[in-house]
Amino acid sequence: MKLTAELALSQVKRNKKRTTGTIFATVLATALLTAVMCLVTSGMEMLKIFTGSSHSDYRAAYNSILIIPAALLGLLIAFMSVTVISNIYESSANKRLSEFGVLKCVGATKKQIKETVIYESIWISIIAIPIGMIVGTFLGYISVLIAGRYVYRFNELSKNIVMRPVIFSLSFHISIWTYIFAAVFASVIVLISARKPAKNSGKITAIECIKGVSGNAIRNVAVKEKKSVEMLFGYEGILGYTNLKRNKTGYKSSVRALTLSIILILLTGSFVKQSDGIVSWMNSIGTDMVVTYASIADYKKVESTDKEETIIKKPIPYETAEIISKRLKAYKGGLNVLGRGYDSGTYKTVSDESVMTDELRAVKHVVDENGEMNTTVMVYDSQTYNKLCAEAGVPVGSNILINCYRYNDNGRINHIKPFKDSIKKVTLTDAYGETKELEIHGVINENVFVSDDLMKNAIPSIMQEPVYIIVPDGEFRFFDWYSKPHDYEDYTQYARKVLNDYYPILTEDPYVDQGYTVRISRADQIVKVMNIAIVLAEVLLIGLIILLIVMGFVSAISTLSTNIRLRKREFAVLKSVGMTTKSLEKMLYSESIICIIKSVFGGTIVGIILPWLINLSIRKVFPVRYELPIASLVIGLVIVSVLLIFITKVEIKGFRKQNIIEDIRMDVM
């Protein structure tokens, strides 16, 4: 065994307290990586069973849904782990300055000093990584068990949603690659963490090492006094502030770890707020029973126009939809049913500013580069259509423009009137550039049926397109039938029989291979399925972040304690020139409070900006805007403050019985 490896092993055995802290951080990092890998491998096995061997394309797409979040979580774990473990090794190196000085005096080179620190990380890895993988396997098992309960709930809900139930079965599954990846990734993290402290240790001269002044030395740097600090803490605060400015290395590790913890606390609070906002918005959909037909569509680019054509594989003719509507209405002698079909991909409306309102022109990107606006063409069952015609004051067979546009405007629902009431026609164009004039016989400016519990579904609550036109008939990609039966389960069976006469399950393949899908469910059941995914992600992510925060606190405790202990010579000198123990304690408390302010200030800024940036993409899909998680900020402030003050108080007790003469003599030996 190399001498440097033996010295490192000796340090690992002798300094049990420091070794325990390093092992704990490494175990936690490895455990988190292993747990994430267990979730990924279990999820992949579930998708493999679900898709079957003949659906490799689907399996690849599904696997990407698992791999991308796992990669992001892995990077988050790696970043926090490197920060925390690096802090511990840096603290360890500062404690061993005298040892390095002796080694250099007897001929040790920079390379050998660096090797000593690197070998220490290797010995730690040999001990900690296997333990971490065992702990991570247990955490992974618990995570899969929790996720499995949500998957089971998803299966139960799916039985009430689709005609061919989707069954997922999530069980704990691992492979040899789970542990290989976790072990290699954890080893790389530990080596990267030890590299910088090892490099810095090799640069220190022998005399600096022996005197123990390099790693924690007060540099001769001009520091501008802060009047605010003096007003708050007195001259002791000025001494503490000056020490922090001249000895940034000593406290930088603790501030950095606490700053990351504050960021994670705020990130968690923001995630919970935004997910709750999404769930709350989706829960407003209602409890109507919805029978849905949807055709699968392909897309291709038309070379002559450079536009995208939507090819509807199996559009539903109005005649078929009307027959289904009548059969659904015949349930148990009579049921009020609203049928609504639509197609959003076939046509666009040519922009005509002469009939557009100023409000519509102010909406960004409503008109594309071709001078066209996205358009939805709609059709209704005959009974509902007659009511709409009566409301618009036009005869049956007319085209009606829904002249209200409710859209998600970067997280807020905006409601405008897009066209002037004088509009009489629109020009529709398709992907090939062919146009046709469509007369507008009547206009509906608002959803006038909000008081009707069923007719309120006639006009969508959120409109994805600025132009909605109701026509008497045609072929459509989607069709929905809304109703409020007294017996949901019985009606579901009845609706399944009706739909099966026109759109049956022809094979055991998924509906997408048949060209269409059919769904039967209460609207809130569909929302519950989506909520399951949100809640599951929330539970797992919060659990992961809590463990990362614990890791950050371990680092802060280790580095702050070490920093105070390394300064006992400085404290002895201050006592020798007349500084009382009370003043010395006040100085240390002021340093801790300044560190709290620095970590909370930096962590709050990043902890606000990061989730705000994430919300920029969320608000494009859901009407949910970023809100400052005040409760999380207060919790983070309290935790950090209590932690630093507690550590400082504990360490202060250690030097109250300090021998001034002995400590000063140690500095000149």
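Here are some questions and answers about a predicted model.

Q: Which residues form the positive surface patch?
A: Helix H5 (110–158) and helix H6 (176–203) each bring at least two residues to the positive patch. The patch itself is made up of Lys-111, Lys-114, Arg-195 and Lys-199.

Q: Is Lys-114 buried, partly exposed or exposed?
A: Lys-114 sits in helix H5 and belongs to the positive patch. Patch residues need over 30% relative accessible area, and Lys-114 comes in at 36%. Since buried means under 20% and exposed over 50%, that value makes Lys-114 partly exposed.

Q: Which side chain makes a polar contact of 2.6 Å with that of Glu-372?
A: Start with where Glu-372 is: it lies in strand S7, which covers residues 372–380. Its relative accessibility is 7%, and anything under 20% is called buried, so Glu-372 counts as buried. The side chain on the other end of the 2.6 Å contact is that of Lys-307.

Q: Is His-365 buried or exposed?
A: The cut-off for exposed is over 50% relative accessible area. His-365, out in the loop between H11 and S7, has 77%, so it counts as exposed.

Q: Where is Asn-410 found?
A: Asn-410 is another non-glycine residue with a positive phi, in this case about 50 degrees. Strand S9 covers 405–409 and strand S10 covers 412–416. Asn-410 is in the loop between S9 and S10.

Q: How many Å apart in space are Lys-649 and Tyr-589, C-alpha to C-alpha?
A: Lys-649 is part of helix H17, residues 630–655. Along the sequence, Lys-649 and Tyr-589 are 60 residues apart. In space, their C-alpha atoms are 8.2 Å apart.

Q: Is Lys-649 buried, partly exposed or exposed?
A: This H17 residue has a relative accessibility of 46%. Exposed would take over 50%, and buried under 20%, so Lys-649 counts as partly exposed.

Definitions and conventions
Residues are numbered from 1 along each chain as its sequence is written. This is a predicted model: local features need pLDDT of at least 70, side-chain atom pairs count only at pLDDT 80 or more; totals for chains, interfaces and linings use all residues. Side-chain values use heavy atoms; hydrogens and water are left out. Patches are made of residues with over 30% relative accessible area and no salt bridge: like charges are joined within 9 Å, nonpolar side chains (Val, Leu, Ile, Met, Phe, Trp, Tyr) within 5 Å. Accessible areas come from the Shrake-Rupley method with a 1.4 Å probe; for residues, only the protein chains shown count as cover. A salt bridge is a side-chain nitrogen of Lys or Arg within 4 Å of a carboxyl oxygen of Asp or Glu. Lys and Arg count as positive and Asp and Glu as negative; His and the chain ends are not counted. The place of a charge is taken as NZ of Lys, CZ of Arg, CG of Asp or CD of Glu. Helices (H or I, at least four residues) and strands (E, at least two) are DSSP runs, numbered from the N terminus. Buried means under 20% relative accessible area, exposed over 50%, partly exposed in between (1.4 Å probe, protein chains only). A polar contact is a pair of N or O atoms within 3.5 Å; within protein, one must be able to donate a hydrogen and the other to accept it, and residues adjacent in sequence count only if both atoms are side-chain atoms.
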